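The sequence and structure come first.

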Amino acid sequence: MRTMFSFCALASLVGVAVAVPVPEHFSERAKELLRDGIELNTPEEVGQVKHRLNVVYFVGNDREPLADYERRISELLLYVQQFYGKEMVRNGFGRRSLALPMLPNGNVEITVVRGSAPMAEYTYGGAAAGRALREINEFFARHPERKRSQHTFVIMPTQLNEEYSQDNPGGVPFFGLGRDCFALDYLEFDVKHVGQDTPYGHLLKKWLGGFAHELGHGLNLPHNKGIPADNAALGTALMGAGNYTFSMEPTYMTPASCAILDVCEVFPSVDHPDNFYAKPEVLLDKVEGSVVYRHGGFDVEIRMPLEQVADLKQVNFYMQDPPYVVNRDYDAVPFRGTISKKDNQMVVTCSMRAEDLADLKEGERQISAAIMLRNGFRYRWDVEFKMDALQDGQPVPFSKESLRVSSY
Ligand code: ZN
């Protein structure tokens with residue numbers, strides 16, 4: 001380990017970007033997969049890292065974490081961290097990724113929290129997830145040094161019963177819940193199966209894809225599918241159906257997802273605010289929006305009072321067809337807004353081309369704007385309209401419009 005850290009120190013002294021060294025005790029497959037890893041979140045580029053993802057391994061009072069979990073989960077997390085980091089680079093946000101709590105030996109610091117009930121009671125569903133989160137928060141209240149941010153990634157071992165086993169894992173919470181998210185562990189959940197056309201390779205694709213996708217939800221990401229040109233060139237968006245492709249087939253992050261990660265508490269940056277997600281003193285109460293239908297696409301513009309959004313950092317726009325509810329939004333097509341100041345207004349524009357929207361159904365549509373401040377506080381502005389009577393070059397009449405504070 002000494003070699004690893006003196007290498008890092010040397011690299012930072014001379015300011016040279018090097019591939020990240022992999023700990024000696026990692027598996028050969030992990031070393032192979034991380035060989036082209038890039039150095040992330042370096043002090044030169046992001047300053048001091050203030051917040052890190054809380055990684056919790058949660059077990060019932062009758063179970064232990066599964067064998068070799070520290071190495072297996074560490075390797076998988078570093079693999080996923082590299083994916084996020086490389087996609088941030090590709091989308092122009094620098095060599096930044098989720099900051100993980102690290103141990104001196106190069107493993108991720110995984111906090112084991114034991115629930116008050118047997119494992120069988122922590123089933124898939126909101127109630128059991130809520131109970132586990134309450135117990136995790138009680139743990140953090142007793143061990144505040146282990147709580148390094150407002151984002152917690154919870155991993156539970158598979159249920160073991162007539163339905164679930166180490167070779168057919170499941171039965172525990174597996175979803176995002178606000179800034180927390182849940183994934184699962186089983187004995188062969190191991191990077192050695194990455195990309196293998198074997199039963200364990202396919203099993204890993206399913207659960208590692210879910211691991212990376214649910215983690216995205218826990219890092220504030222909503223679903224989105226990507227524009228057809230990106231899907232053709234880059235594969236499947238992680239926050240679309242990428243949970244079914246990650247680690248086996250081409251998978252990518254959309255520019256809009258990376259814009260959200262740009263203002264995520266555990267993605268370090270120079271000038272990283274301390275008061276992440278804190279409500280501003282003055283709330284945004286007015287968005288004036290206009291949408292013009294042009295050549296089968298849309299020119300979108302929103303205007304907001306400058307003093308209400310002086311800290312504006314990112315705006316994403318999404319277009320989707322109904323229904324407009326969570327988990328029916330995998331097809332939302334994402335766009336990034338361009339921000340400028342004009343008079344006393346913040347003006348954000350975006351152009352949605354007809355070919356970008358080709359996968360959506362005709363009929364009704366919704367445009368949503370995710371309006372994000374520098375500390376990640378977020379508003380959502382939605383308009384709905386009917387496509388039937390739209391005329392080229394004309395403003396689009398809204399059938400519904402709303403503005404609210406949003407966690408997504
Ligand atoms: Zn999802």
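The protein chain contains 8 helices and 17 strands. Its radius of gyration is 22 Å, close to the 22 Å that the globule rule gives for 408 residues, so the chain is as compact as a globular protein of that length. The model is a predicted one. Along the principal axes, the C-alpha trace spans about 65 × 55 × 40 Å.

Of the 408 residues, 55% count as buried. Among contacts between residues at least 6 apart in sequence, 69% join residues at least 24 apart. The chain exposes about 17,700 Å², and carbon and sulfur atoms supply 51% of that area.

The structure holds 32 salt bridges. One of them joins K86 to D36, with the closest N and O atoms 3.2 Å apart. K86 belongs to helix α4 (residues 69–90), while D36 sits in the loop between α2 (28–33) and α3 (43–46), so this pair ties together parts that are 50 residues apart in sequence. K86 is partly exposed, at a relative accessible area of 28%.

E288 and K286 form another salt bridge, their closest N and O atoms being 3.9 Å apart. E288 is partly exposed at 31% relative accessibility, and K286 is partly exposed at 44%.

R353 pairs with E355 in a salt bridge whose closest N and O atoms are 3.4 Å apart. R353 is partly exposed, with a relative accessible area of 40%, and E355 is partly exposed at 47%. Elsewhere, salt bridges with shared partners join D68, R71, E75 and D190 into one network.

Key:
Residues numbered from 1 in each chain as written. Predicted model: local features only at pLDDT ≥ 70, side-chain atom pairs only at ≥ 80, totals over all residues. Heavy atoms only, no water. Helix = DSSP H or I, 4+ residues; strand = E, 2+ residues; numbered from the N terminus. Rg over C-alpha atoms; globule rule 2.2 N^0.38 Å. Buried < 20%, exposed > 50% of the residue type's maximum accessible area, 1.4 Å probe, protein only. Contact = heavy atoms within 4.5 Å. Areas by Shrake-Rupley, 256 points an atom, 1.4 Å probe, with all protein chains shown as cover. Salt bridge = Lys/Arg side-chain N within 4 Å of Asp/Glu carboxyl O.
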